[in-house]
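Hi,

Here is the structure I promised to pass on to you. Have a look at it first, and then read on for what turned up in it.

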Amino acid sequence: MELETHNHAETILAGQTIALKIESGAIFCFFGDLGSGKTTLIKGICRGLHVTDWVTSPTFTLINEYQGRLPVFHFDFCRMNSLMDLADLGVEEYFERDGVCLIEWPEIIENLLPKNFIRFSLNMTFQSGYDNFRTITIKRPDF
Ligand code: ADP
Ligand code: MG
């Protein structure tokens with residue numbers, strides 16, 4: 001499935017729509033360059049899940065927890081450079097918990113990802129007339 005958004009607000013709205021269908025146990029991985037809109041889409045999803053906390057990329061902690069309609073675990077592995085940290089975090093335990101895992105820069109922990117994750121690929125593609133055009137491709141796992 002592919003979505004197109006033309007500005008920040010449309011990506012938030014897309015996230016809110018996606019949130020309506022989320023069930024406990026969902027693991028969403030967000031692939032895309034810096035600035036492609038991963039955090040923005042996650043903010044929209046959190047809003048749709050009725051999270052009232054301030055949603056921002058976890059920088060020092062790597063994981064933020066929010067409570068909405070479901071517990072939300074927001075990961076950002078952007079700054080992770082030591083595999084030691086990973087062992088300490090117990091990332092895999094989060095995948096077993098009730099709630100939803102939203103993961104930025106999942107490629108950094110690729111070998112730890114469960115098979116059933118849903119892949120979101122965000123792209124900044126040039127489209128004439130739109131400075132802020134993004135495509136968001138959503139792919140279910142192909143077991
Ligand atoms: P990432 O987490 O992928 O690095 P962010 O969501 O933090 O990206 O940043 C995306 C930036 O691009 C924000 O400043 C946002 O306002 C801007 N932006 C412009 N157009 C869009 C769009 N269509 N979707 C999402 N963000 C957009
Ligand atoms: Mg981000």
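Predicted model: local features only at pLDDT ≥ 70, side-chain atom pairs only at ≥ 80, totals over all residues.

Of the 143 residues in the chain, 48% are buried.

On overall shape, the C-alpha trace spans about 45 × 35 × 30 Å along its principal axes. The radius of gyration is 15 Å, which agrees with the value near 15 Å that a compact globule of 143 residues would have.

Now for the fold. You can pick out four helices and seven strands, and if you walk along the sequence they come in the pattern β-α-β-α-β-β-α-α-β-β-β. How much of the contact between residues at least 6 apart in sequence joins residues at least 24 apart? The share is 60%. As for charge, the chain has 12 positive and 19 negative charges, and their mean positions are 5 Å apart.

Next, zoom in on the metal. Which residues coordinate the magnesium ion (ligand 2)? They are Thr39, through OG1, and Glu104, through OE, at 2.1 to 2.2 Å. This pair links distant parts of the chain, since Thr39 sits in helix α2 (residues 38-48) and Glu104 in strand β5 (residues 100-104), 65 residues apart. Is Glu104 buried or exposed? Its relative accessible area is 2%, and the cut-off for buried is under 20%, so Glu104 counts as buried.

While you are at helix α2, check how covered it is: eight of its 11 residues are buried. Those eight are Lys38, Thr40, Leu41, Ile42, Gly44, Ile45, Cys46 and Gly48.

Just after α2 comes His50, with a positive phi of about 65°, even though His50 is not a glycine. You will find His50 in the loop between α2 and β3 (63-67). With 57% relative accessibility, His50 is exposed.

There is another residue with a positive phi to look up: Trp105, with phi near 55°, and again this is a residue other than glycine. Trp105 lies in the loop between β5 and β6 (118-124). Is Trp105 buried or exposed? At 19% relative accessibility, Trp105 counts as buried.

Gly68 brings us back to His50. Gly68 is in the loop between β3 and β4 (71-76). Leaving out residues up to four places away in sequence, Gly68 touches Leu49, His50 and Val51. Compare that with Leu13, which is 55 residues from Gly68 in sequence and 17 Å from it in space, C-alpha to C-alpha.

Last stop: Cys29, in strand β2 (residues 27-31). Cys29 has a relative accessible area of 0%, so it is buried. What does Cys29 touch, not counting residues up to four places away in sequence? The list is Ile103, Pro106, Leu113, Phe117, Ile118, Arg119 and Phe120. Thr61, for its part, is 32 residues from Cys29 in sequence and 18 Å away in space, C-alpha to C-alpha.

Cheers

Technical notes. Residues numbered from 1 in each chain as written. Chains lettered and ligands numbered in written order. Heavy atoms only, no water. Helix = DSSP H or I, 4+ residues; strand = E, 2+ residues; numbered from the N terminus. Rg over C-alpha atoms; globule rule 2.2 N^0.38 Å. Buried < 20%, exposed > 50% of the residue type's maximum accessible area, 1.4 Å probe, protein only. Contact = heavy atoms within 4.5 Å. Lys, Arg positive; Asp, Glu negative; His and termini not counted. Charge placed at Lys NZ, Arg CZ, Asp CG, Glu CD. Donors = N, O, S within 2.8 Å, 3.2 Å for Na, K, Ca; no water.
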